[in-house]
Amino acid sequence: MVIADNRKAFHEYFIEERLEAGIVLEGWEVKSIRAGRVQLKESYVIYKNGDFWLFGCHISPLINASSHVLPDVVRTRKLLLKQREIEKLAIKVDRAGYTIVPVNMHFTRGYIKLEIGVAKGKKQHDKRQTEKDREWQRDKARIVRDHTKQSS
């Protein structure tokens, strides 16, 4: 079950590989995420000190859930990955010039997980081509739909 999507990631990057990672969260953050008050739009993942960290993920606090805590809505959150995955991703980021971007946040067996993607940045002409392809798919579906209406 998807909680939040990062559509901007698909516009800005070619996603080549996807992995599922856990996130270190506080109690008020879990309650807010379950209420759907999370935004991945401006977030990104950085490799620092042997770990991957999620930056810029905005989690709005609930008014009644965080009365005794001073919430930091955009704090950096540690991602939980296996050591082998961390090493593999670190090599891709350092040597191959890839970027790690959050793709979506979802529930897996009651736990909140973050799907991250190994990505390469798109150039401006790639973005235009993606938009043209998307419009053509829409037009094609519209033509087929109109044709089936007329023949029935």
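Domain bounds here come from an automatic or database domain assignment. On that basis the protein chain splits into domain 1 (2-121) and domain 2 (122-151), and their C-alpha centres sit 31 Å apart. Seven residues from domain 1 and four residues from domain 2 make up the contact (heavy atoms within 4.5 Å). This is a predicted model, in which local features need pLDDT of at least 70, side-chain atom pairs count only at pLDDT 80 or more, and totals for chains, interfaces and linings use all residues. Residues are numbered from 1 along each chain as its sequence is written, and side-chain values use heavy atoms, with hydrogens and water left out.

Now for the interface itself. About 480 Å² is buried between domain 1 and domain 2, with carbon and sulfur atoms giving 48% of that; buried area is the accessible area (1.4 Å probe) that two parts lose on being put together, summed over both. On the domain 1 side, α1 (7-12), β2 (13-23) and β9 (111-121) each put in at least two residues, and α1 gives the most, with three. Helices (H or I, at least four residues) and strands (E, at least two) are DSSP runs, numbered from the N terminus.

Elsewhere, Glu 29 belongs to helix α2 (residues 27-34). Neighbours within four places in sequence aside, Glu 29 touches Val 24, Ile 59, Arg 75 and Arg 77.
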